[in-house]
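Please examine the sequence and the model below. The paragraphs that follow lead from a single strand pair to the chain as a whole.

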Amino acid sequence: MLSQGARYSAASIGLAEGWSLDRLTSPSRLFGANGLRTGPDGRVYVAQVTGSQISALDVETGQLETISAKGGAIIAPDDVAFGPQGDLYATEVMDGRVSVRGADGNTRVLRDDLPSVNGITVHQGRLFVNECRVGGRLMELDLNGGEPRVLLEDLAMPNAMEVGPDGLLYYPLMGTNDIWRIDPEGGEPQRVVGDLGVPDSLKFDPEGFIVSTQVASGEVLRINPRNGERTVLAALTPGLDNCTFVGDRLFVSNFTGSITEILGGGATRETLPGGLNWPLDLTVGEDGNLYIADGTYFYLLRPGGKPETLGMLFSPGYPGFVRGVTAVGAGEFIVTTSGGQVTRYRPASAESEVLADELDQLYGVAVAPGGDVVAAELGKGRVLSIRSGRVEELASGLNDPLGVAFGPDGTLFVSESGAGRVVTISGFRVDTVVDGLEQPQGILVRGGQLLIVDAGTKQLISVDLGTGARQTIARDLPVGAPPGVTPKPLRGLPPFSGPQGPFAGIAAGPDGTIYLSADAEGSVLALRREA
């Protein structure tokens, strides 16, 4: 079982009598940290794809200000740059857009036809972007929205780029693991350096050397652009995304939302702590430990400890953006991914075995007493059974099925979020068990009780399966969208992920502790009955 984490005030969360609540992980201050750019005001501007917002960080005080909020005009920003008049340009990678936010706070779309547009930089009043995809383009955009001028095409996943002191445009290629440069006026590109750790960003230090983050290795490299010689400035955890200088101080970002200052001699200093990016489903293994599906990361949480990375998007054998998860043996899990796969995942041996593929927006997953894998396919409104490579439809025509769970007698329960109900499925028959809900997501059957996370009402509800009696165990939970916010759809980023949506998962430990993924604040909560 998991021991209690740091005790935290339940002042904003209402609990039923006889229950206590702990936060096992700290809330995230940023939901991911992707593109970084130092603004004219000296603050570091942070683009957050899954958080779908842009924040400004004062590196001296640690104060964060939201510049473009979730639900606002800019959707899933991946990188940012500033024009000479202080206009903020942002690439919206999932929507294929580039938007500009003026000094007056108004935002307009500059282009909306650039698939996977990602890297962006402004040089002498000229705006350059690239598309982080196989076959991507590097181009100059007309600031008035006219047709772009394409410098290069058929690139292997270019990313965050910058113009060097020599006036050449330098860009990393993640797909070929090297850095290139080209004259902004056109011409033949030149390879600068190769055999890196999957470079995904670069900037230039005050001495004119390239500084580049390596997403797969976690290294921050300093590279001589004249001969390709490299020095490791720091060795951090994989998942690095971007970098920026504030004066001569270097800061790097990570998918986890952390911002780290790189000091001399390989030393580092945490500027902003990381956390969970988007906790989705949860499961408890045979060892009694909690496992967390956090999209780009898969974590183990031991009693009283901090999340330990078992795998991440760029590590060998990682199945993809993990969404649903259930433990099926020692160190073995069945997961669903936002890429449409149901996969058997063994983190310790870095192995993934795809059980089913090309499905449409998978979420919850569970294993039937007979061993069949059952998954909710939201995109087609179906619940599927997978066995020996064969996919069978158990139910169709459902309104946004999300969570699946089995009762001790093998009864299959499904949360139908769009219909505000939980149903059972038996012999292709669908029967309502609980209705009158708003957005039921994660579900769990334990001790004759059906536990439901209703993200719409922000409640954890218990329903007695014998009598139908309901009890609200917790209310005002940090799940779902923040109050007053209507999130814009996140369309996903092929080949890394398909459409992304919320899913507040639930699991239980052998001692009866209930674990919730508090996706609205990026934490994991534990609820326990008091003695």
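In which sense do strand β45 and strand β46 pair, and over how many bridges? Strand β45 (residues 459-464) and strand β46 (residues 470-475) are antiparallel and share four bridges. Here strands (E, at least two residues) are DSSP runs, as are helices (H or I, at least four residues), and both are numbered from the N terminus; two strands pair if DSSP finds at least two bridges between them. Within this pair, Leu460 has Ala474 of β46 as its bridge partner. The model is predicted: local features need pLDDT of at least 70 and side-chain atom pairs count only at pLDDT 80 or more, while totals for chains, interfaces and linings use all residues. Residues are numbered from 1 along each chain as its sequence is written, and side-chain values use heavy atoms, with hydrogens and water left out.

The pair belongs to an open sheet of five strands, ordered β1-β46-β45-β44-β43, with antiparallel pairing. Because β1 (14-15) and β43 (440-446) stand at the edges with a single partner strand each, one side of each lacks a neighbour in the sheet. Strands of a sheet pair through backbone hydrogen bonds, either parallel or antiparallel.

Strand β11 (residues 117-123) runs antiparallel to β12 and is joined to β12 by five bridges, with Ile120 opposite Val129 in β12. The two strands form a hairpin with two residues between them, and Gln124 in the turn has a positive phi of about 50°. On to β13, another hairpin leads from β12 through two residues. Strand β13 (residues 134-141) is antiparallel to β12, with four bridges between them; Phe128 stands opposite Glu140 in β13.

Taken as a whole, the chain has 49 strands and zero helices. Its radius of gyration, taken over C-alpha atoms, is 24 Å, close to the 24 Å that the globule rule (2.2 Å times the number of residues to the power 0.38) gives for 531 residues, so the chain is as compact as a globular protein of that length. The C-alpha trace spans about 75 × 45 × 45 Å along its principal axes. Of the 531 residues, 59% count as buried. Among contacts (heavy atoms within 4.5 Å) with a separation of 6 or more, 43% come from residues 24 or more positions apart.

Conventions. Buried < 20%, exposed > 50% of the residue type's maximum accessible area, 1.4 Å probe, protein only.
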